[in-house]
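Colleague: I would like to learn how to read a protein model step by step. Could you take me through one?

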Amino acid sequence: MKDISEFAKQSLGHFPTPLEPLFNLSRALAGPQIFVKRDDCTGLASGGNKTRKLEYLLGQALHQKADTLVTVGAVQSNHVRQTIAAAAKVGLRCEVLLLREVKRDQDYETNGNILLDRLMGATLHYCETSDDLNADGQRLADDLDRSGAKTFFIPAGGSNPIGSLGYVACARELVDQVMTEKLKIAGIFHATGSQGTQAGLLLGLALINNSTPVQGITVSRPGAQQVPLVLRLIRQTEHLLGCPATVDDKQVLCDGGYYEPGYGQPNAAMIEAVEICARLEGLFLDPVYSGKAMAGLIDHIRRGRYTANDTVIFLHTGGQTALSAYPSVFNTRQDGGR
Ligand SMILES: Cc1ncc(COP(=O)(O)O)c(C=O)c1O
């Protein structure tokens, strides 16, 4: 079996990210102790979970002597913002295929992540629909190769077995912090979309014989549809590492109760979660991922899943740069009223 240290890696971020208590939120919910793992502070272009994946993906791209990164995502994709930044940092060109799947307003089209993408100067291509965005992105890469580029294609969310290694490594980092703080963790909550975060975390924990439950909160599909996708990526990553199946099917927990009406579309529970964390903790979540994941954690706590003696971790995967693409959604009145 290979150790992840055998894979090429390009340093891009700030690690380890802090593990901090959210005292005020814990008190307000009269629930368990809540800690936040600050992967929103990974440092690359405002941080987020993609930095960890990109360290391994860029390691591979540079090893293959690519000169151009190609990737895909939604107009407000955090992955796209961080990939463009990673390319800039190591001196590669970057071309992106953006899917206009979320129809909102002018702010969504021009503010938030897309503003930062343009600021960093990547070449952006748009499509209105796609049956398979990764396949369309790969076609763009093939076209560029035919005109002389040497591309490296990164799938949506950086979620392939190489990208997932970033969260295999994160599991070790987190367990070290938990041991240093002498904590006993009842569960880890996070947003799950393109699956690399959850797959890597579950595999990383399993590889160090740690069975802490990992509760994914889906952002784009029902839990029952997300579970097999996470499991498939776990099996592919196990294969890459040359290890036997270490994660049991039943360990893949995905709750699809908080994403509706759809990917990138606000709901009341997300708005409450974003506002409560801002007001009680000075902590910014995002409307698409971490806000919905926190809505899930808050609801699981309110339903009595944990006692006051338990400790849970919220893995903050970033995304706050999308907040300014959704200004009309939140209550920003100075008196705090509605
Ligand atoms: C801020 C944020 N959180 C969570 C996720 C979901 O992580 P994953 O795609 O690894 O499931 C994403 C993915 O795009 C993201 O941008």
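Predicted model: local features only at pLDDT ≥ 70, side-chain atom pairs only at ≥ 80, totals over all residues.

Colleague: Where do I begin? How many helices and strands does the chain have?

Modeller: Begin with an inventory. Here the chain has eleven helices and ten strands. Then look at the overall extent: along the principal axes, the C-alpha atoms fill a box of roughly 60 × 50 × 35 Å.

Colleague: What does the radius of gyration say about the chain?

Modeller: The value is read against a rule for a compact globule. For 338 residues that rule gives a radius of gyration near 20 Å, and the chain has 19 Å, so the two agree.

Colleague: Which domains does the assignment give?

Modeller: Domain 1 is written as 4-48 + 160-325, and domain 2 as 50-157. The C-alpha centres of domain 1 and domain 2 are 23 Å apart.

Colleague: How many residues of each domain are in contact with the other?

Modeller: In general, the size of an interface is often given as the accessible area lost when the parts come together. Here we have contact counts instead: 34 residues of domain 1 touch 32 residues of domain 2. On the domain 1 side, helix H7 (residues 161-180) gives the most, with seven residues. By class, that side of domain 1 has 15 nonpolar, 18 polar and one charged residues.

Colleague: How many bridges join strand S3 to strand S4?

Modeller: Seven bridges join S3 (residues 68-74) to S4 (residues 93-99), and these strands run parallel.

Colleague: What is the strand order in the open sheet of six strands?

Modeller: The order is S1-S2-S10-S7-S8-S9, and the pairing is mixed. S1 and S9 are the edge strands, each pairing on one side only. The twist from one strand to the next averages 30°. S1 and S2 run antiparallel and are joined by three bridges. Within S2, Lys 37 is the bridge partner of Leu 19.

Colleague: Which strands does helix H9 touch when it packs on the sheet?

Modeller: Helix H9 (residues 223-241) touches S7, strand S8 (214-218) and S9, and its direction makes about 150° with that of S9. Helix H11 (residues 290-302) lies across S7, S8, S9 and strand S10 (311-316), running at about 145° to S7.

Colleague: How should I read the backbone angles?

Modeller: Most residues other than glycine have a negative phi, and most peptide bonds are trans. Departures from that pattern deserve a look.

Colleague: Where are the cis peptide bonds?

Modeller: One joins Phe 15 and Pro 16, with omega about 0°. Pro 16 is in the segment before strand S1 (19-21). Another joins Glu 260 and Pro 261, with omega about 15°. Pro 261 belongs to the loop between strand S9 (253-255) and helix H10 (268-281).

Colleague: What is the phi of Ala 45?

Modeller: Its phi is near 50°, a positive value in a residue other than glycine. Ala 45 sits in the loop between strand S2 (33-38) and helix H2 (50-63).

Colleague: Last, the ligand. How many residues surround it, and which are closest?

Modeller: The shell has 20 residues, and the closest are Ser 194, Thr 197, Tyr 289, Thr 317 and Gly 319. Helix H3 (78-90), strand S7 (187-192) and helix H8 (196-207) each supply at least two shell residues. H8 gives the largest share, three residues. Sorted by class, the shell has two nonpolar, 17 polar and one charged residues.

Colleague: Where does the ligand lie relative to domain 1 and domain 2?

Modeller: Ask which domains give residues to the shell. Both domain 1 and domain 2 do, so the ligand lies between them.

Technical notes
Residues numbered from 1 in each chain as written. Pairing = 2+ DSSP bridges. Helix = DSSP H or I, 4+ residues; strand = E, 2+ residues; numbered from the N terminus. Near = placed C-beta within 6 Å. Nonpolar A, V, L, I, M, F, W, Y, C, P; charged D, E, K, R; others polar. Domains from an automatic or database assignment. Contact = placed C-beta atoms within 7 Å. Rg over C-alpha atoms; globule rule 2.2 N^0.38 Å. Axes fitted to C-alpha atoms, helices over the stretch in contact; angles between N-to-C directions.
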